[in-house]
Amino acid sequence: MTELPYPESCPDECRVAKKMAPVFKALGDYNRLCIVYLLAMDETGRLGVGDLARELGISQPAVSQHLKILKNEGIVESERIGFHVFFSFNRSRLAEIDGLFHDMQSLVQSRCDKQIILEKKIENPLNIVFICFSYTGTTKALMEGFHAVCGGDFVLVKTKKKYGTFTAYTTGCISSRKEEPDPVTPESIDVSDYDLLVLGVPVWAWKPAPASYSIISGLIGCEGKKVVICTTCCNNPGDCLPILRRSLEERGVTVVDEEVFLGKDAFDHEKRNEFVSRILDVYKF
Ligand SMILES: Cc1cc2nc3c(=O)[nH]c(=O)nc-3n(C[C@H](O)[C@H](O)[C@H](O)COP(=O)(O)O)c2cc1C
């Protein structure tokens, strides 16, 4: 594999680029990409230079040259059996390359997401706080994504009660049905200095998870503040949003926007960005 040198001070993204460049070079050829496809689709494990040359309609020396380049990058492997050399594609190397693509894509994506802030002509960092309770991590991941784009502060709230899967679905759901608060840490969150609050909580038994009530009652300086509510669930939010809205309004907070993220919606990039855009709109006006 070709290793390009890079200075120690090089940022992480630059390191990825150095690893990607030789791979792009190796794959940046129509015939070589066809070879990768043919090897990927091959179920016999018996493809040789002659077979590939026939499939591609090019000479055997040309195929050998292409295979050499692909082998250099670890994309293709060969095995000699008797007088024959068979080629296969290297799954683990392809998985590694896929990981590099993914790193690069996430990096570009996060920079693109940041463009929303520039388009809205809002100065970063925003005076905003993301407050989140999450039991299995979905709401947390979603809110962390919003926070990564918008900046501001992030408060992750935990329940003092330690739930297991069984107790969450039994005692947790019973508390939720009765709209009983679960004690949380931190017990109070001072939001008096923020211009906007974004509250993210999951749905439990068609209502807000019991931690939500303690979060709301523990808000300090929330009167007159704007809040955006974000809730996550599998498929049925039930009365979660109206209950949250009512509880927040009882604390003198104005709910300016709300959204439910159902199941895989939480990982739907377009939906997430559309919501970030709405957060920024209500922040601005
Ligand atoms: C105790 C419990 C009760 C739940 N009740 C509901 C429900 O009534 N409706 C629903 O669509 N999803 C329900 N779910 C699924 C969660 O709302 C959903 O997976 C959510 O995204 C989890 O968020 P989290 O990972 O931040 O905890 C429930 C999950 C748990 C653990």
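This is a predicted model: local features need pLDDT of at least 70, side-chain atom pairs count only at pLDDT 80 or more; totals for chains, interfaces and linings use all residues.
**Domains.** I started with the overall layout: the C-alpha centres of domain 1 and domain 2 sit 49 Å apart. I took the bounds from the domain assignment, which puts domain 1 at 12-95 and domain 2 at 120-284.

**Gln65.** I looked up Gln65 next and found it in helix H4, residues 60-72. Buried or exposed, or something in between, for Gln65? I get partly exposed, because 13 other C-beta atoms lie within 10 Å, and a residue needs 20 or more to be called buried and 12 or fewer to be called exposed. I also checked Gln65 against Leu156: the two are 91 residues apart in sequence and 56 Å apart in space, C-alpha to C-alpha.

**H2 and H3.** I then turned to a helix pair. Two packed helices are described by the angle and the distance between their axes, so I looked up both. The axes of H2 (residues 30-41) and H3 (residues 49-56) come within 11 Å and cross at roughly 115°. I noted the crossing of H2 past H3 as right-handed. Which residues in H2 meet H3? On the H2 side I have Asn31, Cys34, Ile35 and Leu38, and they meet Leu52, Glu55 and Leu56 in H3. Sorted by class, this contact has 5 nonpolar, 1 polar and 1 charged residues.

**Ligand shell.** I listed the residues around the ligand and got 22, with Ser134, Thr138, Thr139, Pro202 and Cys233 coming nearest. The elements giving two or more residues to this shell are helix H6 (138-150), helix H7 (165-177), strand E7 (196-204) and strand E10 (226-233). Which element gives the most to the shell? That is H7, with 4 residues. By class I have the shell residues down as 11 nonpolar, 10 polar and 1 charged.

**Leu248.** My last stop was Leu248, which lies in helix H9, residues 240-250. Why does Leu248 count as buried? I find 23 C-beta neighbours inside 10 Å, so Leu248 gets that label, the cut-off being 20 or more. Setting aside neighbours within four places in sequence, I see Leu248 in contact with Ile216, Val227, Val253 and Val255. I also looked up Ile215: Leu248 and Ile215 are 33 residues apart in sequence, and their C-alpha atoms are 10.0 Å apart in space.

How values were computed:
Residues are numbered from 1 along each chain as its sequence is written. Axes are lines fitted to C-alpha atoms, for helices over the stretch in contact, and angles run from 0 to 180 degrees between N-to-C directions. A crossing is left-handed if the near helix is turned anticlockwise from the far one by less than a right angle, and right-handed if clockwise. Two residues are in contact if their C-beta atoms, placed from the backbone, lie within 7 Å. Ala, Val, Leu, Ile, Met, Phe, Trp, Tyr, Cys and Pro count as nonpolar, Asp, Glu, Lys and Arg as charged, and the others, Gly among them, as polar. A residue is near a molecule or strand if its C-beta atom, placed from the backbone, lies within 6 Å of it. Domain bounds come from an automatic or database domain assignment.
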